[in-house]
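User: I would like to learn how to read the sheet and surface features of a structure, with the criteria behind each term. Could you take me through them one at a time?

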Amino acid sequence: MRHWTRSCAHCGRLPLALEIAAARLTGDPGLSLAAFAAELANTRGRLEHLRYDDGGHSLAVRAAFEGSYRRLDPEQALLFRLLSLNPGPDLATEAAEALIGRPARGLLAGLARTALLSEQPVGEGRWRMHDLIRLYAAELAEGDDAGARAEAADRLLEHYSTTFEAATALLADLPEEHSRQRFGSRSEALGWLKDERANLTAAAQTFSGSHPDVVVRIAFDLVYRLFQWRYFDDGTAVAEAALAVVDGHGTVSDTGGLHTILGMALFGAGRRAEAVAATKESIRIYRELARDQPDIEPLVGRSLANLAIQERDPERRREAAEEAVTIGRRWARGDEPALHDVELAGALHNLSVALADLGRHSEAVAPAQEAVEIRRRQAQAAPGTFQRHFADLLIHLSAKLLEADRPEGAVLRAAEGVDVFRQLAAEDLRAHEHALCDALSRLGLALAAVGRREEACELHADAVAVAAHLGENAEEALVLTELADVLARSAAGHGMWRRIRRRRSPGGS
């Protein structure tokens with residue numbers, strides 16, 4: 001069954017391809033499913049293997065596509081072949097226009113009429129081609145002039161990279177005029193990034209060999225965005241692709257930075273040992289650079305701050321965080337919002353976490369408080385860049401205050417954090433729903449600690465409602481465990497538990 005499932009996937013579940021696959025297997029009893037699946041796994045020969053001729057009746061996927069292709073006019077045919085250069089699963093009308101170098105909506109509609117691609121959903125300007133049709137288009141494109149194909153690929157990558165940079169600049173509150181010309185609002189920029197996520201990820205990997213300078217340039221912001229959206233494997237793949245080509249196409253500092261973001265992505269993917277190794281390599285690179293270029297030292301501190309959350313041993317995390325704090329203080333500019341590379345707040349945050357993990361709860365409060373005030377100033381100056389970090393720290397500080405038996409302060413900080421996370425989630429739920437779930441739960445725990453248990457139970461019900469959408473049992477289990485603890489201390493626990501169960505289950509019980 002496993003080999004048949006693979007074969008069906010290679011056929012893209014196209015009815016004609018599945019019919020041919022069944023005919024070939026039936027007509028050749030000696031052809032095993034494993035061997036047939038292996039034949040189809042080779043993309044270059046897949047169309048050739050999806051043909052069947054019993055002497056009087058023949059079927060071929062390629063012949064079916066050729067019938068549609070012959071009905072195209074020359075411009076439609078050219079665009080059809082060029083579409084195979086797009087590395088992702090679909091593309092926007094604007095990307096098709098970049099490929100062919102002129103308006104393309106009419107040409108795309110013509111291709112859709114011949115069933116060689118489809119607009120999904122209709123009217124949204126996004127076009128998708130079946131995988132086997134893409135292979136056919138790629139075969140045809142090999143007969144085109146190589147220089148013309150390269151120029152089309154150049155235009156496509158230029159479209160993706162410049163639009164990506166405009167979107168990320170707008171979301172980071174950078175005063176770039178091009179961003180405002182390209183996007184009318186933050187929501188429009190964020191929508192484009194979400195629509196093009198798969199294309200951007202695929203482009204970074206596909207074009208790393210032919211356009212290494214572009215891939216290195218966009219890798220930093222792209223991996224960060226993928227990390228925010230919890231596409232950790234994609235972030236790892238992009239960082240690795242950029243690292244493979246950075247020599248000769250970036251600075252030594254770029255190499256250190258790519259190891260930093262690789263460590264971040266690997267840690268998100270649960271590959272802790274590899275993450276630590278990547279981050280330590282970034283620290284080594286930055287330390288060597290800092291010997292001759294002292295202004296590189298803040299980058300050492302940033303990587304140490306990352307190491308302070310990635311190391312398994314809390315004592316090692318404390319040591320890394322304390323060194324990062326020392327570096328951060330050396331470069332901090334008083335009340336001026338810290339530079340991006342001076343991660344004093346992040347180092348203080350992670351020092352607080354390490355101290356708490358060592359059981360030093362009262363000591364964990366002060367660094368968290370200092371970090372919150374730094375992040376507050378940063379978020380006021382550049383909310384697009386720092387608002388999430390500010391909210392994370394508020395929730396962390398609330399937890400540390402609660403552990404230090406200061407529940408009133410914990411309530412105030414958690415309430416402020418929940419407010420910020422609700423605003424962030426309203427703009428980008430995918431990036432912030434996990435944190436919102438945790439923030440609601442933390443506020444509930446703090447409220448329960450000051451005797452406001454009815455409000456606590458309501459907040460935990462909200463947290464469970466968010467957790468139900470996450471699809472991650474471990475995180476939902478954490479929220480439910482905390483919820484049970486609150487309910488156990490609540491005089492109205494049993495009745496509230498029934499209400500919460502009804503909110504989680506459409507039918508209720």
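Predicted model: local features only at pLDDT ≥ 70, side-chain atom pairs only at ≥ 80, totals over all residues.

User: In what order do the three strands of the open sheet lie, and which stand at the edges?

Analyst: Strands of a sheet pair through backbone hydrogen bonds, either parallel or antiparallel. Here the strands are DSSP runs (E, at least two residues), numbered from the N terminus, and two of them pair if DSSP finds at least two bridges between them. The open sheet has the order 3-5-4, with antiparallel pairing. Strand 3 (90-92) and strand 4 (118-119) each have a single partner strand, so one side of each is left without a neighbour in the sheet. Strand 4 is joined to strand 5 (residues 126-128) by two bridges, and Ser118 stands opposite Arg128 in strand 5.

User: Is Met1 buried or exposed?

Analyst: Buried means under 20% relative accessible area, exposed over 50%, and partly exposed in between (1.4 Å probe, protein chains only). Met1, in the segment before helix 1 (2-10), counts as exposed because its relative accessibility is 75%. Met1 and Ala34, 33 residues apart in sequence, are 9.8 Å apart in space, C-alpha to C-alpha.

Key
Residues numbered from 1 in each chain as written. Heavy atoms only, no water. Helix = DSSP H or I, 4+ residues; strand = E, 2+ residues; numbered from the N terminus.
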